[in-house]
Amino acid sequence: MKFKRLLIGCFLCGIVCLSAVLTPAAAFAAPMPTHASKTPSDTLTIAQKAQLYAIAHHTWQFFDADADPTTHLPMDNIGFDGAPARGTYTSPTNIGVAFWSIVNAQDLGFVNKVDALKRANALLSEVEKLSKWHGFLFSWYDTTNGHRISGPGGTDQEGQPATGAFISTVDSAWYATGLIAVRNVFPALAPRATALLSAMDFGIFYDNGDQSQSDTAGQMYGGYNADQGPATFHYGMLNAETRIAAYIGIGTHRMPGDVWWRTWRTLPANFDWQGQTPQGYNATYNDPQSGKPFTVFEGHYTTNGINFVPSWGGSMFEGLMNNLVIPETSWGPHSFGLNDQLYARAQQAYATQTLHYPVWGLSPASTPDDTGNYDAYGARNMASNKNCCPYDETAVTPHASFLTLTVTPQEAFKNIQQLRQRYPGIYSRYGFYDSVNPVTGQVGHRYLVLDQAMILSALDNALLNNRMQSHFANDPIIAANKPYLSQEKFSLP
């Protein structure tokens, strides 16, 4: 088979991280909720939960400040102490996680059911009015008027032809999770949320080419150019935040289960520029829906003595963000449930033992310099792209710690404490700022709606016995993925 070039990339909130690949194809006082979790005491203690609950309370207050008073759309970010004051633009992912935050606030007792329903209805009503392409949201909107725009701070494109506009696969999927949350938590809104969900055909993101001739056939494209065709790059790595689109595609039956098996656990061994030569074995599975057999290379990497299935850039949110809403820990005890824990431990060890940082948590975040910039941070020894286009390692972001609360709870809690003790300026009125340079202590004084939402949802799960996951588990779109997670066994101890 001839070699061809393709792009493997990750699009999240319009941040493009594309790489050319040569391939053969002290918490403030707040009351604890009366429905607090009964998580076993060997994970988080009552005292620890009380501290985390106070952090959750501050984090929730961000969402009131962040919602545009006119449109109710979530602004991308808010800055303080010299950082850009407000990012009055939003994305499909931001909208999806804004719905999460309302659910979290109700779960944690910060708002009552009536108020939560009112907030969800206001946001849903605005989303219904946003311009779309075949049900899909465009990449960016102005939060002051709901108009489609070319990008953050870009030009108004409302009413202009959609031809060529980029529709992001992963952004669309995170938006879909917000609608799934709404229809399961707010029954009065379920018909409207379902209508928005049903309008999107995730099949447009699936490469239905000849799998015997192309290594990437059966994978997902990174997006779709409106009225033109799919993007020219694929999402090749299964252990990435982009797998949420596979979950949605399989669950809506717009993508065949092939997408699960055809996406790589590790890059093929002949990709000699990758971080390390993958170890593992071939395993054959029958697809739960079609019954077709697929042979998968169950590969893994090793760092600091820990085996794990790698991600593209070695960041925490690539590995752990899906676990906020997909019950990977319980449904996939030998696949992602196991890898989520090992991946977290591997990054913790890499940051503290290899980089010799006093804290850990490498994940895309604001740069800690108050310029308003954003960068991809990750553990290079855990990345598939180590020798190609490695992520930066000079900033730690608090959201990474919270993502691990349900898989390495004590390690996560200790790191959260260390962040506040070593870098007092990292915590303010809305909880943790977005990043810190672990060597200089310089803080990025911004709050991002995406990262705040990950923190709040992680706390919902940690404090209320995976309550956030439970909102999704019985939805037919999500439940369809349980057999995929449960039958697979990664090549991990």
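The paragraphs below start with the overall fold.

This is a predicted model, in which local features need pLDDT of at least 70, side-chain atom pairs count only at pLDDT 80 or more, and totals for chains, interfaces and linings use all residues. Residues are numbered from 1 along each chain as its sequence is written, and side-chain values use heavy atoms, without hydrogens or water.

The chain has 16 helices and 23 strands. These are DSSP runs, numbered from the N terminus: helices are H or I with at least four residues, strands E with at least two. The C-alpha atoms fill a box of roughly 60 × 55 × 40 Å along the principal axes. Of the 493 residues, 62% count as buried, meaning under 20% relative accessible area with a 1.4 Å probe, protein chains only.

Now take one hairpin. Strands β14 (residues 279–286) and β15 (residues 293–303) run antiparallel, joined by eight bridges. Strands pair if DSSP finds at least two bridges between them. Y285 stands opposite F294 in β15. Six residues lie between the strands, and G291 takes a positive phi near 80°.

Next, the second largest cavity. A cavity is a set of points on a 1 Å grid over the protein atoms alone, where a 1.4 Å probe fits but cannot get out; lining residues have an atom within 4 Å of a point. L320, N323, L324, F402, L403, L405, T406, A458 and N461 line this cavity. Helices α11 (398–403) and α13 (449–463) each supply at least two residues of the lining.

Notes: 1 Å grid on protein atoms, 1.4 Å probe; cavity = no way out; pocket = protein on both sides within 12 Å on 5 of 7 lines; lining within 4 Å. Buried < 20%, exposed > 50% of the residue type's maximum accessible area, 1.4 Å probe, protein only.
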